[in-house]
Amino acid sequence: MNEELKIPNHVGIIMDGNGRWATERGMVRTMGHKTAVNTLKGLCTHMADVGVKYASLYAFSTENFKRDKSEVDYLMNLFISSFKKEFKFLLERNVRVVFSGRREPLPEKVLEAMDEIVEDTKNNTNLTLNICLNYGSHAEITDMTKKLCELYKNGEINLEDITDEYIQKNMYQDLPPLDFVIRTSGELRLSNFMMYQASYAEFYFPKVYFPDFNEEEFDKAILEFNKRNRRFGGIKNEKENN
Ligand code: IPE
Ligand code: IPE
Ligand code: MG
């Protein structure tokens, strides 16, 4: 990729369209999820190589438990095999894995696999992968509020301690704000993904389904990001943006 390009520090990816990808090929929906794991492996390597520092990946929403039990069970098993086998290569790529989401009601075996990959990669320093699993923005804000109320009740914090920075630090993970949010499959919504963190993110909605969102598609997204003029509420600086 062109060396002059700005690389977003924190990229969010709403990995959508696995089911449609499979259905359009006459396959069962779960084949789309399986293929998505391979796509994601390539993307993680690529993001680390181009210099993305943080990537938040929406893998399973709090609402996805509404799906058929067979699909949910398939996904839970896919998470276990991914964290235990498929994603082991992240260790050598100096990638750190963290998770955002509620642990309840994830099965014990999924939690074990999650804890293991977090522990194995905790000292890595290149890309941080924040996997959003059983994640919802509403749940995150609710959980953060409860945590702060508890601290206040126990006299551990005062009202003045509750600043924007403090709120960010008390989200599931203390990460910098999102710069760029990509949602594949053409849907134009957040579906409860990192609403707080995306307040000044740029958005990109490619039509391709996630299993086809390969390195080349990612590079196209970066080109699009480079065309955006971010102002953060200030006044456009012509020199800086041209
Ligand atoms: C995204 O693909 C993966 C998850 C939500 C787990 P979908 O399964 O939502 O695929 P579509 O949107 O039905 O095609
Ligand atoms: C959002 O996709 C969740 C993930 C990609 C993990 P959904 O497919 O669940 O979202 P909706 O239902 O189309 O809004
Ligand atoms: Mg979907």
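Student: How many of the residues of strand β1 (residues 10–14) are buried?

Tutor: This is a predicted model, and a residue counts as buried in it when its relative accessible area is under 20%. Both faces of β1 are covered, with Val11 and Ile13 buried on one side and His10, Gly12 and Ile14 buried on the other. Strand β1 is therefore largely enclosed by the rest of the structure, and the number of its residues that are buried is five of the five.

Student: Which residue in β2 does Gly12 stand opposite?

Tutor: Strand β1 pairs with strand β2 (residues 54–61) in the parallel sense, and five bridges join the two. Within β2, the residue that stands opposite Gly12 is Ser56.

Student: With which residue does the side chain of His33 make a polar contact?

Tutor: His33 is found in helix α2, and it counts as buried because its relative accessibility is 7%. Leaving aside residues up to four places away in sequence, His33 touches several residues, among them Asn18, Arg67 and Tyr74. The side chain that makes a polar contact with that of His33, at 2.8 Å, belongs to Glu71.

Student: How many residues apart in sequence are the parts that Arg20 and Glu187 tie together?

Tutor: Side chains of opposite charge can pair when their charged atoms come close. Arg20 and Glu187 form a salt bridge, in which the closest N and O atoms are 3.0 Å apart. Arg20 lies in helix α1 (residues 18–23) and Glu187 in the loop between β5 and β6, so the parts that this pair ties together are separated in sequence by 167 residues.

Student: Arg25 and Asp212 also meet in a salt bridge, so is Asp212 buried, exposed or partly exposed?

Tutor: The side chains of Arg25 and Asp212 meet at 3.5 Å, N to O. The pair links distant parts of the chain, with Arg25 in the loop between α1 and α2 and Asp212 in the loop between β6 and α7. Arg25 has a relative accessibility of 41%, while the value for Asp212 is 33%, so Asp212 counts as partly exposed.

Student: Lys169 forms a salt bridge with Asp174, so is Lys169 buried or exposed?

Tutor: The closest N and O atoms of Asp174 and Lys169 are 3.3 Å apart. Asp174 has a relative accessible area of 41% and is partly exposed. A residue counts as exposed when its relative accessible area is over 50%, and because Lys169 stands at 51%, it counts as exposed.

Student: How many salt bridges does the structure hold?

Tutor: Salt bridges can also link several residues in a network, as they do for Asp179, Glu202, Glu224, Lys227, Arg228 and Arg230. For the structure, the number of salt bridges is 24.

Student: What is the omega of the cis peptide bond that joins Glu104 and Pro105?

Tutor: Pro105 is found in the loop between β3 (96–100) and α4 (108–121). The peptide bond that joins Glu104 to Pro105 is cis, and its omega is about -5°.

Student: What value is the phi of Ser185 near?

Tutor: Ser185 lies in the loop between β5 and β6, and it is buried because its relative accessible area is 8%. Its phi is positive although the residue is one other than glycine, and the value is near 85°.

Student: What is the angle between the planes of Tyr135 and Tyr172?

Tutor: The structure holds 14 aromatic pairs. Tyr135 and Tyr172 form one that is edge-to-face, with 6.0 Å centre to centre. Tyr135 lies in strand β4 (residues 128–135) and Tyr172 in the loop between α6 and β5, so the pair ties together parts that are 37 residues apart in sequence. Planes over 60 degrees apart count as edge-to-face, and the angle for this pair is 75°.

How values were computed: Residues numbered from 1 in each chain as written. Chains lettered and ligands numbered in written order. Predicted model: local features only at pLDDT ≥ 70, side-chain atom pairs only at ≥ 80, totals over all residues. Heavy atoms only, no water. Salt bridge = Lys/Arg side-chain N within 4 Å of Asp/Glu carboxyl O. Helix = DSSP H or I, 4+ residues; strand = E, 2+ residues; numbered from the N terminus. Buried < 20%, exposed > 50% of the residue type's maximum accessible area, 1.4 Å probe, protein only. Pairing = 2+ DSSP bridges. Polar contact = N/O pair within 3.5 Å; in protein donor to acceptor, adjacent residues only side chain to side chain. Contact = heavy atoms within 4.5 Å. Phe/Tyr/Trp six-rings, centres within 6.5 Å; stacked < 30°, edge-to-face > 60°.
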